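Hi,

Here is the structure I promised to pass on.

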Amino acid sequence: MLNTQRSLSELPRMSAASQVERAVLEEEFNWLLKEEVHSVLKQLQDVLKEASRRFSMPTPGLESQQKQENFILGSSTMDQVKGVLTLQGEALTQADINLKVAKSSQVLHFQFREDKLWKLQQIQDARNHVNQALQLLGSHDESYRFKTGAEVNKLMDAVMLQLTRARNRLTTPASMTLPELATSGLMKMFTPPMPGDVMVNFFINLSKLCLTVYQLHVLPSNTMKNYKPAGSSVLHNPGAMFELNNNRFEVSHVHKVECVVPWLNDTLVFFTISLQLCQQLKDKISVFSSFWNYRPF
């Protein structure tokens with residue numbers, strides 16, 4: 001009986017302690033919503049503005065212009081393809097390519113026509129996603145009062161979605177079929193014109209600017225080879241076949257050369273930092289939400 005009375009007498013004190021703990025948590029959570037969330041939003045904006053600035057590459061003193069950068073393609077171990085690419089923001093403004101033909105010692109030389117430039121859609125898309133993330137962050141200035149954790153999580157999810165899409169555009173080049181490559185506007189960029197048995201493709205892979213050159217040969221109509229058209233791919237291998245204008249072709253040689261673009265590497269680092277900041281804020285809100293369920297999260 002005494003034990004029962006003692007345990008009953010302790011209930012009010014336990015309840016009071018629980019109420020104090022709940023009040024402390026409530027105060028800490030309100031501080032999180034009022035102060036820390038805006039601190040994180042400011043950090044995110046600062047990091048993503050740096051990422052956006054890398055994409056535009058402004059020249060000091062000339063904010064409206066973008067700096068041109070030259071990148072050398074080729075390697076000491078493979079000299080079939082060499083070249084110099086000029087990158088200005090999201091656009092290739094010049095490409096100077098030398099191709100050593102596989103069956104002879106002949107060297108073919110191509111360069112962009114002076115009136116042409118080639119937009120790299122991957123960079124353009126990634127930049128647009130970064131700007132959309134910045135717009136989301138800018139829609140809540142320091143005077144805005146977040147009311148629930150769910151509201152913060154919704155914003156973080158929306159920002160993370162844009163950042164993930166931006167990163168994926170740089171890490172995952174688009175797949176293309178060989179007929180799509182053959183009829184691409186890129187094939188009309190060069191002077192002298194590309195011969196019918198050569199195709200090229202440019203793409204971004206992580207922080208690298210890549211050039212792929214395909215050499216083709218026509219499959220005779222009486223060939224004994226089993227014709228099987230190749231599907232869509234980032235990189236097609238020798239032996240891949242396709243049909244165009246009633247002719248069947250086979251890829252005989254593939255040459256891939258690449259160069260590192262340092263500012264693309266910077267942007268990928270900025271994406272990682274930003275995604276971590278978003279997730280850390282979501283984790284903090286999750287800790288509070290696990291303590292009580294009555295508040296709408």
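**Salt bridges, a sheet and a helix**

There are 13 salt bridges in the structure; keep in mind that this is a predicted model. One of them brings the side chains of Lys284 and Glu36 together, with N and O 2.2 Å apart. Lys284 sits in helix α5 (residues 262-289) and Glu36 in helix α1 (residues 2-56), so this pair ties together parts that are 248 residues apart in sequence. Glu36 is buried, at 17% relative accessible area, while Lys284 is partly exposed at 38%.

Helix α1 also has a pair of its own: Lys42 and Asp46 are four residues apart there, about one helical turn. Their closest N and O atoms are 2.9 Å apart, and both residues are partly exposed, Lys42 at 42% and Asp46 at 37%. There is a network too, linking Glu50, Arg53, Arg54 and Asp266 through salt bridges.

Now the sheet. Four strands make an open, antiparallel sheet in the order β9-β10-β12-β11. Its edges are β9 (198-205) and β11 (241-244), each pairing on one side only, and the twist averages 35 degrees from one strand to the next. Four bridges join β11 to β12 (residues 247-260), with Leu244 opposite Asn247. Glu243 and Arg248 form a salt bridge at 3.6 Å; Glu243 is partly exposed at 36%, and so is Arg248 at 37%.

Last, helix α3 (residues 149-171): its 23 residues reach 32 Å from first C-alpha to last, close to the 33 Å expected. Its buried residues include Val152, Leu155, Met156, Val159 and Leu163.

Cheers

Conventions: Residues numbered from 1 in each chain as written. Predicted model: local features only at pLDDT ≥ 70, side-chain atom pairs only at ≥ 80, totals over all residues. Heavy atoms only, no water. Pairing = 2+ DSSP bridges. Helix = DSSP H or I, 4+ residues; strand = E, 2+ residues; numbered from the N terminus. Axes fitted to C-alpha atoms, helices over the stretch in contact; angles between N-to-C directions. Expected span 1.5 Å × (residues − 1). Buried < 20%, exposed > 50% of the residue type's maximum accessible area, 1.4 Å probe, protein only. Salt bridge = Lys/Arg side-chain N within 4 Å of Asp/Glu carboxyl O.
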